[in-house]
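Subject: Structure handover

Hello,

Here is the structure I promised. Please open it next to this email. My notes follow below.

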Amino acid sequence: LFVRSIQWIEERVWLPNWQVETEKHWFWFAFTVLILLWLPHLIAKYPGVFIYDLREAMFQASGKYIRTEQQPIFVTLLIGLFNRIGQWSENPNIGYALFMALHVAGLAAVLAYSLTILRKLGLSFGFRFMTLLVYGIVPAYVGWVTALGKDTLYLIAFLLLASEMLLAVFDSRTFLSSVKDIAIFFVSHLLLILFRRNGVGTVIVSMATSILLLWRNVGWKKGLCWFAACTVGLGLSLGVYEGIMKLGKFEKFSAKDAFAIPFQQTSRVFTLHEAEMTDADKVIVDHVMDYSRISTTTDWSKAERAVHSFHLNAYFALWRKQLSEYPLEYFEAWLGVNEALLDPRVDGSVYWSLTDNTYTDYVYKHSFNDMSIYNAEELKPLLEPQRLATEWYFDFPQIPLLGLSCNIGFCMILLAFQFAFLLRCGKHWTQVLVLAPSIAVAGMCSLATPLIYLRFALPFVCAVPLQMAAACLSFRKEQKEKQANVIDSQS
């Protein structure tokens, strides 16, 4: 139905002369349209809204806090640079505005580049233009391009990778013959690692699937060469990360979020079956969690200490034992954590807006702001437009059909349907590999995130148009093969 609708629009709506003119400068046309569509939001959101993580990264960069890799190290260095620019100009808002400009230029350029990939693969002007409008209107893009922090920067790198994966899957030979595309592919992996600590998981999945894909599509010799290139690329990326760690004097930091699911499962088991637990079990749990509060909340305060102690080994030995004894409770706890990821009725929308609140109080969910880091007097006339724009972002899901584009649960279901559809389309099973980066992000959300809302699911939510493009390309390929088979049979 989706593909047929696109074909109907192409035949009846688009004007040939307008199409020809825009095709001549397609990248710059798309880039300009995006900036114009976003411009009212950029003005209202000046100089960009700090996500609370970035506040901590800035204080690490300035030396107020100890530098650790809890926040992405490259993001820490970037905000440190732009904060110094604000100090030199004696107006911190100028530095933040330049940092927002980096977000805007980067995301607009990557989205425009993804549209040039769609044109290279032969997708129609109608489909690409509608995708451009989605990029310009949907809050998952414009509502986050002004949110300063690691999430938008990670999104830029992810969409760059997703675009190159689309080309690699549907035109492997063109991809391998282009030095530019190969370079962009590996640069996107480096940026994923630098912009988020768990980006290495997405990188490993992406490289593994690309090796399998090219091995299958272009032969084992080129596949072997690609395997060597990916191995070197991954090694260099990790080497660059470690080099920045040492030069920037960052300390290692354990990923406490990785304990989210096990801790929730343990909390549920001990809450429902406390009478069956031994005193030794309770002591083990109390070493990594606050046992006195286990029925009401999951306390992370002891997790950092537990990572570097023998208590964590004892805890996971208990966790594995209870897994076999209480599998239903474990599954229920996992469902509880992943409610927003699996149920479209749950609204996981999160957007930021500057207000006159304090860092510890908030107007919008998770929207903490420390106005002391801004030139607050300069921003007072913009507070009301910011609130107005943010209210529009939160109301967007109420729009029929289009509003679902920001719904995490719907996008997750759509990802599953896309997987089934690409498997169904003929004998080209390798087409499902185009979804590998999105599946990797969704998997990490479901297994290692204590709270699921839009910022964590942003990559695979914003990649939906590229997923739909893959469906169109797969459908078109299947139709051509059917037509060729009919001609052969008639011959």
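Helix 6 and helix 7 cross in a right-handed manner. A crossing is right-handed if the near helix is turned clockwise from the far one by less than a right angle, and left-handed if anticlockwise. The contact takes in Leu111, Ser114, Leu115, Leu118 and Arg119 from helix 6. Helix 7 supplies Phe127, Arg128, Thr131, Leu132 and Tyr135. Contact here means heavy atoms within 4.5 Å. By class, six of these residues are nonpolar, two polar and two charged. Ala, Val, Leu, Ile, Met, Phe, Trp, Tyr, Cys and Pro count as nonpolar, Asp, Glu, Lys and Arg as charged, and the others, Gly among them, as polar.

Now the geometry of that pair. The cut-offs are under 35 degrees for roughly parallel, over 145 for roughly antiparallel, 65 to 115 for roughly perpendicular, and oblique for the rest. Axes are lines fitted to C-alpha atoms, for helices over the stretch in contact, and angles run from 0 to 180 degrees between N-to-C directions.

A word on provenance. This is a predicted model: local features need pLDDT of at least 70, side-chain atom pairs count only at pLDDT 80 or more, and totals for chains, interfaces and linings use all residues. Residues are numbered from 1 along each chain as its sequence is written, and side-chain values use heavy atoms, with hydrogens and water left out.

Helix 6 also meets helix 11 (residues 179–195). Their axes come within 14 Å and cross at roughly 135°. That makes helix 6 oblique to helix 11. The crossing of helix 6 with helix 11 is left-handed. Tyr113, Ile117 and Lys120 of helix 6 touch Lys180, Asp181 and Ile184 of helix 11. This contact has three nonpolar, no polar and three charged residues.

Further along, helix 14 (residues 260–272) packs against helix 15 (residues 279–288). The angle is about 145°, with the axes 12 Å apart. Helix 14 passes helix 15 in a left-handed crossing. Phe263, Thr266 and Phe270 make the contact from helix 14. Asp281, Lys282, Val285 and Val288 make it from helix 15. By class, this contact has four nonpolar, one polar and two charged residues.

Helix 14 also holds Gln264. Gln264 is partly exposed, at a relative accessible area of 26%. Buried means under 20% relative accessible area, exposed over 50%, and partly exposed in between (1.4 Å probe, protein chains only). Gln264 and Trp334 are 70 residues apart in sequence, but 7.6 Å apart in space, C-alpha to C-alpha.

Phe50 sits in strand 1 (residues 49–50). Phe50 is buried, with a relative accessible area of 4%. Phe50 and Thr146 are 96 residues apart in sequence and 8.7 Å apart in space, C-alpha to C-alpha.

The peptide bond from Tyr46 to Pro47 is cis, with omega near 0°. Pro47 lies in the loop between helix 3 (26–44) and strand 1. Most residues other than glycine have a negative phi, and most peptide bonds are trans.

Two phi values also deserve a look. Glu90, in the loop between helix 5 (73–88) and helix 6, has a positive phi near 60°. Leu401, in the loop between helix 21 (383–395) and helix 22 (408–424), has a positive phi near 65°. Glu90 counts as exposed, at 75% relative accessibility. Leu401 counts as exposed too, at 75%.

Helix 24 (residues 454–462) is another matter. Nine of its nine residues are buried, so helix 24 is largely enclosed by the rest of the structure. Among them are Arg455, Pro459 and Cys462.

Last, the overall numbers. The protein has 25 helices and two strands. Helices (H or I, at least four residues) and strands (E, at least two) are DSSP runs, numbered from the N terminus. Of the 491 residues, 53% count as buried. Among contacts with a separation of 6 or more, 75% join residues 24 or more positions apart. The accessible surface is about 22200 Å², and 65% of it belongs to carbon and sulfur atoms. Areas come from the Shrake-Rupley method with a 1.4 Å probe; for residues, only the protein chains shown count as cover.

Best wishes
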